[in-house]
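Take a moment to look over the fold before reading on. We will go from single residues to the whole chain, and then to the space inside.

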Amino acid sequence: MSLLRVHCAHDFGADAHADLVRRVRDVADITFGAEAPDPAAVDVLIAGRPERRHLESMPRLRAVVVPWAGVGRATTELLAEFPAVALRNLHHNAAPTAEHAVALLLAAARCIVPRDRRMRAHDWSDRGRDRTGVHLRGARAVVLGFGAIGRLVAQALSGLGMAVTGVRSRAAPGEITGGVPVVGADAFPRILPGARALVVCVPLTDATEGLVGERELALLGPEAVVVNVARGPVVDERALFEALRDGRLHGAGLDVWWRYPREGETRTPPAAYPFESLDNVVMTPHCAGHCDVTESLRAEALAAVLRELAAP
């Protein structure tokens, strides 16, 4: 059997490259670098943001593998012009991302960040105050986006004693997945009233951009927490800021943003509004999917995809 010819244009580091090679050496020959040494021989391209010139120079190309979960619009639109090339992505970091989402929810619900800040100043004023945190057990949670991440979030929230409903673009009537009721996007506004948590895990598409706006946030109410580990623009930036500022939401945990630094920058405002001025927001720098074993998980997932593509 001839080996699958794979080129990886994404730099994961020498150790991760060696790990991937070790896992698939019997089915694939892998090269690494910004440019393939022999583009005409490439069967599979691993690239986060493949360019048109790459695809046009690879006549044997069967598949592009995006080595993370979120596939950008530019990539989706480009691959649509190459219908013979399959587009695959990975969910290797679904569990770390789900864990991070739950951590953001708990931190925002229990006001951990401002309490930590005051305690570091030896300020005990939060002790015994009843209204500084909201209770989650027995409350309802809505998980918007019920893919690999959303299902793990739902499992964790169910374990906390929350009544969880999942939302995806289409769902069968009465659908239950993993013990969780799942509804279609058309029912999303209907299930928001009274929910104490909304966790956003849905991909960014034309259909989901701005899906959580002023109307949806108003349906949640002042005891609700919004968590976003998907993409910033799924949630309306101004509407979220104003709802948090005005106390129409209890809090938010945000790992994804509307503005990102350019290459080499490290100090960039993540939004047009000063979320950092609000005590009821927990902010992290789009790091939910990263942990101590991220690259090992990625290599394992990539190896599984390559073995599937190499199968006769």
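A residue counts as buried when its relative accessible area is under 20%, and as exposed when that area is over 50%. Anything in between is called partly exposed. Keep those cut-offs in mind, and remember that this is a predicted model.

Start with cysteine 111. Its relative accessible area is 16%, so cysteine 111 is buried. Now turn to cysteine 287. Its relative accessibility is 26%, so cysteine 287 counts as partly exposed.

Cysteines raise a further point. A disulfide is a covalent bond between the sulfur atoms of two cysteines. How many disulfides does the structure hold? The number is zero. Cysteine 287 shows why a bond can be ruled out at its own position: the closest cysteine sulfur, in cysteine 291, is 11 Å away, too far for a bond. A disulfide would need the two sulfur atoms within 2.5 Å.

Step back to the whole protein. Ten helices and 13 strands make up its list of elements. The radius of gyration is 22 Å, close to the 20 Å that the globule rule gives for 312 residues, so the protein is as compact as a globular protein of that length. Along the principal axes, the C-alpha trace spans about 70 × 50 × 35 Å. Of the 312 residues, 47% count as buried. Now consider contacts with a separation of 6 or more. Residues 24 or more positions apart account for 64% of them.

Next, go to helix H4, which covers residues 94-109. Threonine 97 sits in this helix. Is threonine 97 buried or exposed? Its relative accessible area is 5%, so threonine 97 is buried. Which residues does threonine 97 contact, leaving aside its neighbours within four places in sequence? They are Ile149, Val229, Ala288 and Gly289.

Histidine 92 lies in the loop between strand S5 (86-89) and H4.

Most residues other than glycine have a negative phi. Histidine 122 has a positive phi, near 65°. Its place is the loop between helix H5 (112-120) and strand S6 (140-144). With 67% relative accessibility, histidine 122 counts as exposed. Histidine 286 also has a positive phi, near 50°. Find histidine 286 in the loop between S13 and helix H10 (294-310). Its relative accessible area is 29%, so histidine 286 is partly exposed.

Finally, look for empty space. Rolling a probe the size of a water molecule over the atoms shows where such space is left. The structure holds one cavity of 30 Å³ or more. The largest cavity has a volume of about 40 Å³. What lines the largest cavity? Cysteine 111 is one of the lining residues, along with Ala107, Ala108, Pro114, His250, Asp279, Asn280, Val281 and Val282. Helix H4 and strand S13 (281-283) each supply at least two residues of this lining. By class, the lining has six nonpolar, two polar and one charged residues.

Key
Residues numbered from 1 in each chain as written. Predicted model: local features only at pLDDT ≥ 70, side-chain atom pairs only at ≥ 80, totals over all residues. Heavy atoms only, no water. 1 Å grid on protein atoms, 1.4 Å probe; cavity = no way out; pocket = protein on both sides within 12 Å on 5 of 7 lines; lining within 4 Å. Points joined across faces, edges and corners; volume = space filled by probe spheres on them. Helix = DSSP H or I, 4+ residues; strand = E, 2+ residues; numbered from the N terminus. Nonpolar A, V, L, I, M, F, W, Y, C, P; charged D, E, K, R; others polar. Buried < 20%, exposed > 50% of the residue type's maximum accessible area, 1.4 Å probe, protein only. Rg over C-alpha atoms; globule rule 2.2 N^0.38 Å. Contact = heavy atoms within 4.5 Å.
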